[in-house]
Amino acid sequence: MASSQASVFSVRRLCWILLALCALSSISFLFWSHCSVPRHAGDEELGNQQNQPFNLLSYSYAWNQLSFSHKPPGKFLKIAVCVKKWPHQSHAGGLERHALTLHLALARRGHEIHIFTASYPSFPKYPLSNLHFHLSKPTAAGYLDQALVWKQLQAVNATGRSFDVVHTESVGLMHTRARSLDNLAVSWHGIAYETIHSDIIQELTRSPEEPQSQALTQRVMKVVDEVRFFPRYAHHVATSNHAGDILKRIYMIPEDRVHIILNGVDEEVFKPDPAKLLDFKQKFGIPESNSLILGIAGRLVRDKGHPLMFEALKQIFMEDNAFKEGVLVIVAGDGPWGAKYRTLGSNVLALGPLDQDQVARFYNAIDLFVNPTLRAQGLDHTLLEAMLSGKPLVATRLASITGTVMVSNEMGYTFSPTLASLKDVLRRIWKDGKGIVEMKGRVARERGLKLFTASKMAAAYEKLFLCISTMSKGDRDDDDDCRYQPYLN
Ligand SMILES: *[C@@H]1O[C@H](CO)[C@@H](O)[C@H](O)[C@H]1NC(C)=O
């Protein structure tokens with residue numbers, strides 16, 4: 001009797017233990033499936049849509065995080081591109097770099113690309129027979145000559161097949177012409193509403209002697225103007241989550257005409273590479289040491305925040321000897337602040353402008369990339385390059401940066417554009433030290449590979465162009481072109 005009671009008891013106990021184990025394992029399953037992959041604000045929530053096709057035009061997150069097939073496209077498109085200037089070299093503004101990276105990638109994938117842009121002496125040549133340039137003399141104000149470009153575009157449109165899609169980088173093709181085309185997409189690299197933040201920062205940092213700027217009041221009227229003419233473009237590509245939100249909410253463009261495709265940079269050029277690191281250090285005589293190396297690159301001008309960075313370094317060097325002894329600052333780029341940085345002492349190396357290959361080496365040689373920009377427009381390419389090179393970022397709290405690039409402190413540090421905030425962050429980095437900095441660099445690279453590669457960007461645009469082209473022709477049979485079919489590697 002006693003023994004059978006005991007055995008019933010132990011069976012029951014066993015059941016409880018099993019139940020507890022089941023509960024634990026399902027909790028840990030939930031934990032791993034939901035918590036192990038860091039999720040960030042602004043990133044998509046695919047949820048139960050994950051394995052089902054859906055219409056891309058109503059997708060409200062960055063297309064970069066979807067996986068499209070790497071196979072050659074099912075059909076080749078004839079694409080017109082209007083861009084104010086085609087870059088001569090890798091030194092170029094964001095808009096031009098975007099045009100270059102994207103359309104070279106699409107040409108390499110076999111599409112027929114016609115670029116309408118401004119002429120200049122010794123225009124670059126490319127060994128791609130399906131990449132065509134149609135040059136024109138820019139207007140005195142530096143815009144494309146709209147009447148001339150339109151004529152060229154019509155002529156190419158009437159030769160052979162007509163264009164499947166027209167892509168304009170910002171107002172390369174102005175709304176006066178663009179309004180007649182429903183197979184058109186415009187990519188915005190800075191819109192007036194974003195710029196208001198820069199205007200506010202400039203006004204706050206104005207010295208008492210300088211007169212108050214009219215920029216702020218004029219900017220608001222510019223926004224109103226843009227709200228009026230933007231809807232004349234058929235499809236809009238926002239290059240950051242923030243710009244996407246503004247286009248839908250402030251500019252009131254219907255959601256299915258606003259698509260977020262973030263900028264990408266060449267992942268074959270920008271990547272961790274120990275050989276490049278050594279090479280760079282030898283070439284520029286950078287001593288082997290345990291110093292924490294801060295890197296600064298780009299145009300060394302005021303609105304990129306260099307007066308602020310200069311002053312912050314100057315003050316900390318004076319206040320904190322350990323920081324001064326333990327930190328090396330490498331400055332790459334051209335501009336009036338280059339010479340100023342040199343005056344800070346021997347632990348600041350100003351190297352002058354570097355070509356793209358050297359810039360890739362530069363990222364390898366540094367521990368952190370500092371970009372104190374005050375320009376709140378577009379999506380800064382240098383941040384993406386540093387991320388793909390596996391370096392954490394130190395950047396200003398601007399919406400395109402905190403909402404898209406560095407959505408948490410796991411991949412770097414952000415500061416408000418004030419001396420106190422920047423100094424605080426520099427001191428924190430110094431306190432954190434190399435171990436934490438390296439960890440953040442690994443997270444930065446992971447995020448870079450997930451979102452900011454040129455191939456992800458090109459795949460997303462290719463899909464958008466296929467979709468726009470099919471829709472504008474009313475090809476019902478082909479509505480797969482606007483559908484997302486998860487691509488399983
Ligand atoms: C090109 O030609 C087609 C067919 O005539 C026309 O529908 C289309 O609007 C033209 N595109 C441009 C950009 O002029």
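Seventeen is where I start: the count comes to 17 salt bridges in this structure. Please keep in mind that the model is predicted. I will go through a few of these bridges, then the aromatic rings, and then the sheet.

Side chains of opposite charge can pair when their charged atoms come close.

Take Arg219 and Asp199, which form a salt bridge with their closest N and O atoms 2.7 Å apart. Arg219 belongs to helix α6, residues 215-229, and Asp199 to helix α5, residues 192-205, so this pair ties together parts that are 20 residues apart in sequence. Are the two ends buried or exposed? Asp199 is buried, at a relative accessible area of 8%. Arg219 has 25% relative accessibility and counts as partly exposed.

Next, Glu319, which has two partners to talk about. With Lys423, Glu319 forms a salt bridge whose closest N and O atoms are 3.0 Å apart. That pair links distant parts of the chain, with Lys423 in helix α15 and Glu319 in helix α9, residues 306-319, a separation of 104 residues. With Arg427, Glu319 forms another salt bridge, and here the closest N and O atoms are 2.5 Å apart. Arg427 also lies in helix α15 and Glu319 in helix α9, so the pair ties together parts 108 residues apart in sequence. As for accessibility, Lys423 is buried at 10%. Arg427, at 32%, counts as partly exposed, and Glu319 is partly exposed too, at 47%.

One more item on charges: Arg161, Asp164 and Lys473 are linked in a network of salt bridges.

Now the rings. How many aromatic pairs does a search of the whole structure find? The number is 24. A pair of aromatic rings is described by the distance of the centres and the angle of the planes. For Phe323 and Trp430, the centres are 5.9 Å apart and the planes stand at 70°, so the pair is edge-to-face. Phe323 sits in helix α10, residues 321-326, and Trp430 in helix α15, residues 419-451, which puts the two 107 residues apart. Phe323 is buried, with a relative accessible area of 1%, while Trp430 counts as partly exposed at 30%.

There is also an aromatic cluster made of Phe270, Phe280, Phe284, Phe362, Tyr363 and Phe369. Lys84 has its charged end over the ring of Tyr143, 5.8 Å from the centre. Lys85 does this with Tyr120, at 5.0 Å from the ring centre.

On to the sheet. In what order do the strands of the open sheet come? Seven strands make it up, running β4-β3-β2-β5-β6-β7-β8, with parallel pairing. The edges are β4, residues 131-136, and β8, residues 258-260; each has a single partner strand, so one side of each is left without a neighbour in the sheet. From one strand to the next, the twist averages 20°. Helix α7, residues 241-249, packs on this sheet and touches β6, β7 and β8, and its direction makes about 170° with that of β8.

Let me stay with β2. Five bridges join β2, residues 78-82, to β3, residues 112-118, and the two strands run parallel. Within that pairing, Ala80 stands opposite His114 and Cys82 opposite Phe116. On the other pairing, β2 and β5, residues 165-169, are joined in the parallel sense over four bridges. There, the partner of Ala80 is Val166.

Where do the side chains of β2 go? In a regular strand the side chains alternate between the two faces of the sheet. In β2, Lys78, Ala80 and Cys82 point one way, and Ile79 and Val81 point the other way. Five of the five residues of β2 are buried, so the strand is largely enclosed by the rest of the structure.

Last, the chain as a whole. The chain has 16 helices and 15 strands. Of its 489 residues, 50% count as buried. Among contacts between residues at least 6 apart in sequence, 70% join residues at least 24 apart.

How values were computed: Residues are numbered from 1 along each chain as its sequence is written. This is a predicted model: local features need pLDDT of at least 70, side-chain atom pairs count only at pLDDT 80 or more; totals for chains, interfaces and linings use all residues. Side-chain values use heavy atoms; hydrogens and water are left out. Rings of Phe, Tyr and Trp (its six-membered ring) pair if their centres lie within 6.5 Å; planes under 30 degrees apart count as stacked, over 60 as edge-to-face and the rest as tilted. Buried means under 20% relative accessible area, exposed over 50%, partly exposed in between (1.4 Å probe, protein chains only). A charge sits over a ring if NZ of Lys or CZ of Arg is within 6 Å of the ring centre and within 35 degrees of the ring normal. A salt bridge is a side-chain nitrogen of Lys or Arg within 4 Å of a carboxyl oxygen of Asp or Glu. Two strands pair if DSSP finds at least two bridges between them. Axes are lines fitted to C-alpha atoms, for helices over the stretch in contact, and angles run from 0 to 180 degrees between N-to-C directions. Contact means heavy atoms within 4.5 Å.
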